[in-house]
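I opened a new notebook page for this structure. My entries follow, one topic at a time.

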Amino acid sequence: MIRPSKVAGTFYPSEPSRLSDAVREYLSNAEETEKCDIVAAAVPHAGYFYSASIAAPAFKAMANASFDTIVIIGHEFGRYAPGIMAVLPEDDVFRTPLGDVHVDTELRDKLLQSDKRIVCSNQSHRQEHTIEVQLPFLQMTHENFKILPVLFGEVTSEHCMRFAELLERVRGSKKLFILSSTDLSHYPPDKIARKLDAKTVAFAERFDIDGLCAWKESAEWHDLTGVETPICSAGGLCVAMHWAQCHGATRTMVLQRGTSFDAGGDASRVVGYSSMLFVK
């Protein structure tokens, strides 16, 4: 089964040549990073107008990373999916205007057999943009790769670490790369967003999974103006951190940070963004 594009023409161009030209320009304009061994990364997932320039430096650096399968972990269901660790797709192919990307069905099926808290749902995946928007960048930087699209369930430290450990257990000889697809704070004024985002990013810099999970579920930010969440996909970021540490990463490189206000959005109601690399 093929998952058709949901947001081509809204989050990014639907015409193939316009899309490839846009991605190529974002990559060309992105700053170079130091040469390093990257084992995981985090990028935002908003419409390209708002966040692609922040994501592009990470994808530019990742162009030098080799992998057989890239595990892309997007939206999380949190308290709406109690007891669920992760949601995988039944679809075997994700389609974008640049072509088809094949799901690593072998890895998917092994994960499904490894823990009953991992489930399948095409309905969930077909409503989501958080994985799809990363694919055109990967299609422009890599060939002959597969993806494992993941939507996270209930975010706990145990779920995050367990999922990373299951990936290690079932991957066999495949080389995996973990990509966390996440925006940061949602809908506070710009000044509040930047303070919240600095705190969230600091957890990533310290590889502090317990701290990030507790921060996401805490009441500390609930009374701040407009704040819906300090990070929309903490589960994926925590998996990336744990995977990275288990594979020798010792530091987090924060490449870009910003908010939707930087792209001309309303300063009174913004979304925060950051791109990060986890490196040896």
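Predicted model: local features only at pLDDT ≥ 70, side-chain atom pairs only at ≥ 80, totals over all residues.

**Entry 1: helix 3 and helix 6.** How are helix 3 and helix 6 oriented to each other? I looked up the angle and found about 120°, with the axes 10 Å apart. Angles from 65 to 115 degrees count as roughly perpendicular and those over 145 as roughly antiparallel. Helix 3 and helix 6 are therefore oblique to each other. Helix 3 covers residues 105-114, and helix 6 covers residues 157-170. I also checked the handedness: helix 3 passes helix 6 in a right-handed crossing.

Next I listed who touches whom. Helix 3 brings Leu 107, Lys 110, Leu 111 and Ser 114 to the contact. Helix 6 answers with Arg 162, Phe 163, Leu 166, Leu 167 and Val 170. I sorted these residues by type and got six nonpolar, one polar and two charged.

**Entry 2: helix 6 and helix 9.** I stayed with helix 6 and turned to helix 9, residues 234-246. The two pack at an angle of about 55°, and their axes are 8 Å apart. That angle makes helix 6 oblique to helix 9. Their crossing is right-handed.

Which residues meet here? From helix 6 I wrote down Cys 160, Met 161, Phe 163, Ala 164, Glu 165, Leu 167 and Glu 168. From helix 9 I wrote down Gly 235, Cys 238, Val 239, His 242 and Trp 243. By type, the contact divides into eight nonpolar, two polar and two charged. Phe 163 and Leu 167 were already on my list for the contact with helix 3.

**Entry 3: cysteines.** How many disulfides does the structure hold? I found zero. I looked at Cys 213, which is in no disulfide. Its nearest cysteine sulfur belongs to Cys 238 and is 3.8 Å away. Cys 238, which I had met in the helix 9 contact, is in no disulfide either.

**Entry 4: Val 271.** Where does Val 271 lie? I found it in the loop between strand 10 (251-259) and strand 11 (272-279). Val 271 is buried, with a relative accessible area of 12%. Leaving aside neighbours within four places in sequence, I found it in contact with Asp 183, Ser 185, His 186, Tyr 187, Gly 258, Thr 259 and Ser 260. I also looked up Asp 37, 234 residues away along the chain. The C-alpha atoms of Val 271 and Asp 37 are separated by 30 Å.

How values were computed:
Residues numbered from 1 in each chain as written. Heavy atoms only, no water. Disulfide = S-S within 2.5 Å. Axes fitted to C-alpha atoms, helices over the stretch in contact; angles between N-to-C directions. Helix = DSSP H or I, 4+ residues; strand = E, 2+ residues; numbered from the N terminus. Parallel < 35°, antiparallel > 145°, perpendicular 65-115°, else oblique. Left-handed = near helix turned anticlockwise from the far one by under 90°. Contact = heavy atoms within 4.5 Å. Nonpolar A, V, L, I, M, F, W, Y, C, P; charged D, E, K, R; others polar. Buried < 20%, exposed > 50% of the residue type's maximum accessible area, 1.4 Å probe, protein only.
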